Amino acid sequence: MKALRNLVDRVKPNFEKGGKFEKLHATFDAFETFLFVPDTVTHTGSHIRDSIDLKRTMSMVIVALLPALLFGMFNVGLQHYRVFGEISVGDPYTFDLIWKCFWFGLLKVLPIIIVSYVVGLGIEFIFAQIRGHEVNEGFLVTGFLIPLVMPVEVPLWMVAVATAFSVIIGKEVFGGTGMNIFNPALLARAFIFFAYTPYISGDKVWVAGLNKAPENIVDSYSGATPLADVTTTISEGAEIVNWSNGSSPIDWIIGTIPGSIGETSTIAILLGALFLLFTGVASWRIMLSVFAGGYIMGLIFNLIGLNAIMDMPAYYHLIIGGFAFGAVFMATDPVTGSQTNTGKWIYGFSIGVLAVLLRVLNPGYPEGMMLSILFMNAMTPLIDHYVVQANVNKRKKRLKTAVN
């Protein structure tokens, strides 16, 4: 590391004011601060001394996402080989089988990650150069999240367009990292959902190779997710008897089901949640309130019981679709989430309630987590405003009582 530090120090003058590459200072600074802790300090005004800066916070989130990513890669291969009948549902998970599935998934998922980072960071660097400021680290997490909320069969050019939309329209037009209203990763998914719906919905987009429908695909195998099963059941006016491919709640918790790359395994997601809570990066109030809101809304629908999805056990909503992933990694975004403690309870609880509400009342769109989080992102400033105002009024009333 010392040799690398010396190399950076030798070339650094070329990128400072008066150097040959002065205009590329923002780009050089981004690489230097990525490799080493910045040596800049605050000289005036109040400030906080802390070893955790934005880059370190983003790094903690990426570490928390690794279990979901690694399992997602394995599951991509597992679902693919089940399609072709090379692996059966009851086969034991030997080392060779796990490696075979993981290697296939790695080759399928890695290009999506590369496209996300190349396009997103490229735009970030361009805006930094134009504005003459340092490159923000916010996209380190966004570029990681975008592939995890995508189906494995999404075209790479579509990922590029959606990433560009999320960075430019979702973040840079508001002033960059820390100023955006909506979660950029969810905006990328929403862009594809509304602009190219067939590529992010249906049964064939969640399993690699299923959309080609070759002759040797197993007849009994379906790429339907548990949420898709619910939608089909509601449209047919029947009761849920058999889930796709013989899956069960245990499979949904483990994650061996079709779905978005990083959203299927509740266990992997909760491992990431524990890491975020242990490091203090994410808000436990938001996480807990999202799950509480979804579960309570599910119980209310159980009492109504007008159709199969209302009769479905309330906890099912928490372990299928993108509910757990959204609660842990999306709703807890410190920029787009509520800033006040009371507001965090209201914000998280509302997300959980709206997600289940959308699933039940709009079976044409069974995955309600994305829209519920984006809607509450827009409501966050209003929530915090009224929470702060209520506190101000309470203090005024207390002061008036003390004076009297």
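Accessible areas were computed by the Shrake-Rupley method with a 1.4 Å probe, and for residues only the protein chains shown count as cover. The model is predicted, local features need pLDDT of at least 70 and side-chain atom pairs pLDDT 80 or more, while totals for chains, interfaces and linings use all residues. Residues are numbered from 1 along each chain as its sequence is written, and side-chain values use heavy atoms, with hydrogens and water left out.

**Figure 1. Overview of the protein.** The protein exposes about 20,000 Å², and carbon and sulfur atoms supply 65% of this area. It has 16 helices and zero strands; helices (H or I, at least four residues) and strands (E, at least two) are DSSP runs, numbered from the N terminus. Of the 404 residues, 49% are buried (buried is under 20% relative accessible area, exposed is over 50%, partly exposed is in between; 1.4 Å probe, protein chains only). Among contacts (heavy atoms within 4.5 Å) between residues at least 6 apart in sequence, 71% join residues at least 24 apart.

**Figure 2. Phe325 and Phe329 in the largest nonpolar core.** A nonpolar core is a set of buried Ala, Val, Leu, Ile, Met, Phe, Trp, Tyr and Cys residues joined through side-chain atoms within 4.5 Å. The largest one has 95 residues, of which Phe325 and Phe329 touch the most other members. Helix α3 (residues 54-83) gives the largest share of this core, 13 residues. Leaving aside residues up to four places away in sequence, Phe325 touches Leu65, Ala68, Leu145, Leu148, Val149, Gly262, Glu263, Ile269 and Met330. Phe325 is buried because its relative accessible area is 1%, and Phe329 is buried at 7%. Both lie in helix α14 (residues 323-330), four residues apart, about one turn of the helix. An α-helix has 3.6 residues a turn, so residues three or four places apart point the same way.

**Figure 3. Aromatic pair of Trp157 and Tyr196.** The structure holds 15 aromatic pairs. Rings of Phe, Tyr and Trp (its six-membered ring) pair if their centres lie within 6.5 Å; planes under 30 degrees apart count as stacked, over 60 as edge-to-face and the rest as tilted. Trp157 and Tyr196 form an edge-to-face pair, 5.3 Å centre to centre with 85° between the planes. This pair links distant parts of the chain, 39 residues apart: Trp157 is in helix α6 (residues 156-168) and Tyr196 in the loop between α7 (184-195) and α8 (226-236). Trp157 is partly exposed, with a relative accessible area of 47%; Tyr196 is also partly exposed, at 25%. Phe325 and Phe329 form a tilted pair, 5.0 Å centre to centre with 50° between the planes. Ring pairs link Trp157, Phe165, Phe191 and Tyr196 into a cluster.

**Figure 4. Helix α6 and its cover.** Buried residues of α6 are Met158, Val159, Ala162, Thr163, Ala164, Ser166 and Val167. Their cover includes α4 (95-131), α5 (139-148) and α7. The expected span of a helix is 1.5 Å times one less than its number of residues. The 13 residues of α6 should therefore span 18 Å, which agrees with the 18 Å between its end C-alpha atoms.

**Figure 5. Lys100 over the ring of Tyr81.** The charged end of Lys100 sits over the Tyr81 ring, 4.4 Å from its centre. A charge sits over a ring if NZ of Lys or CZ of Arg is within 6 Å of the ring centre and within 35 degrees of the ring normal.

**Figure 6. Surroundings of Ser372.** Ser372 belongs to helix α16 (residues 369-403). Ser372 counts as buried because its relative accessibility is 1%. Apart from residues up to four places away in sequence, Ser372 touches Ile351, Leu354, Ala355 and Leu358.
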